[in-house]
Amino acid sequence: MRMYDENYSLDDGDDEFAGYTVVDENSIYKKFAAEEEEQETIATPIPQNEQTVLLNEPHTGGLKDGVPLEMKFTEDNCILSFNGKQIGVFRPAYIKKLKIEREGQKISAFYKAVEPPMVRIVFGEGTVIPEWENRDR
């Protein structure tokens with residue numbers, strides 16, 4: 001049987017491909033059509049009662065990820081320690097924001113072993129956040 005196109009003519013009886021067979025398993029069309037699309041990675045949102053904060057002046061050698069930290073609030077600072085050893089503080093601007101927005105709430109801190117060192121804060125349990133004494137600053 002002869003097929004015609006505008007520019008080419010095709011003949012099924014051509015001997016050019018005589019002796020060859022088509023193996024469907026080796027077809028590139030089957031391979032690419034069968035592959036599944038990559039699933040998009042969806043980030044898990046941080047719960048509303050949690051925050052992750054950079055640790056200022058870190059001294060975290062030997063701490064493991066997830067270790068609960070003790071918190072001691074001063075007038076414009078919060079000292080974070082583990083077993084009585086100071087491992088760092090929060091920046092004064094964050095302390096001011098924390099005291100103004102969440103005074104009276106309870107807060108817990110857990111060390112995050114990442115670079116740079118961070119602290120995961122959970123609201124609702126732990127130490128009470130004092131009020132901001134210097135509201136005029």
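Against which strands do the buried residues of helix 2 pack? Here are some notes on that and on what surrounds it, with the reminder that this is a predicted model.

1. **The answer for helix 2.** The buried residues of helix 2 pack against strand 3 (50–54), strand 4, strand 5 (78–82), strand 7 and strand 8. The residues concerned are Tyr94, Ile95, Leu98 and Lys99. They lie on the same side of helix 2, because the arc they cover around the axis is only 130 degrees. If you turn the view to the face directed away from this buried side, you will find the exposed residues Ala93 and Glu101. Just after the helix comes glycine 104, whose phi is positive, at about 90 degrees.

2. **Overall layout.** To place that helix in context, the protein chain has two helices and nine strands. Read from the N terminus, the order of elements is β-β-α-β-β-β-β-α-β-β-β. The chain has 137 residues, of which 24% count as buried. Taking contacts between residues at least 6 apart in sequence, 57% join residues at least 24 apart.

3. **Lysine 99, a residue to look at.** Is lysine 99 buried or exposed? This member of helix 2 (residues 92–102) is buried, with a relative accessible area of 0%. Its side chain reaches the backbone oxygen of threonine 74 at 2.6 Å. Leaving aside residues up to four places away in sequence, lysine 99 touches Phe73, Thr74, Glu75 and Asp76, and also Ile129, Pro130, Glu131, Trp132 and Glu133. Please have a look at this spot when you open the model.

4. **Aromatic rings.** The count of aromatic pairs comes to one. The ring centres of phenylalanine 90 and tyrosine 94 are 5.4 Å apart and their planes stand at 70 degrees, so the pair is edge-to-face. Both phenylalanine 90 and tyrosine 94 are buried, and tyrosine 94 is also listed among the buried residues of helix 2. A separate ring, that of phenylalanine 123, has arginine 102 over its face, at 3.7 Å from the ring centre.

5. **Strand 7 and its surroundings.** Strand 7 (residues 106–112) is largely enclosed by the rest of the structure, because five of its seven residues are buried. Strand 7 is also one of the strands against which the buried residues of helix 2 pack.

6. Proline 117 sits in the loop between strand 7 and strand 8. Why does proline 117 count as buried? The relative accessibility of proline 117 is 11%, and the cut-off for buried is under 20%. Beyond residues up to four places away in sequence, proline 117 touches Leu54, Leu55, Pro58, Thr60, Tyr111 and Lys112.

7. **Serine 81 in strand 5.** Serine 81 belongs to strand 5, which is among the strands that the buried residues of helix 2 pack against. With 13% relative accessibility, serine 81 counts as buried. Not counting residues up to four places away in sequence, serine 81 touches Leu69, Glu70, Gln86 and Ile87.

Technical notes
Residues numbered from 1 in each chain as written. Predicted model: local features only at pLDDT ≥ 70, side-chain atom pairs only at ≥ 80, totals over all residues. Heavy atoms only, no water. Phe/Tyr/Trp six-rings, centres within 6.5 Å; stacked < 30°, edge-to-face > 60°. Buried < 20%, exposed > 50% of the residue type's maximum accessible area, 1.4 Å probe, protein only. Lys NZ or Arg CZ within 6 Å of the ring centre and 35° of its normal. Helix = DSSP H or I, 4+ residues; strand = E, 2+ residues; numbered from the N terminus. Polar contact = N/O pair within 3.5 Å; in protein donor to acceptor, adjacent residues only side chain to side chain. Contact = heavy atoms within 4.5 Å. Arc of directions from axis to C-beta.
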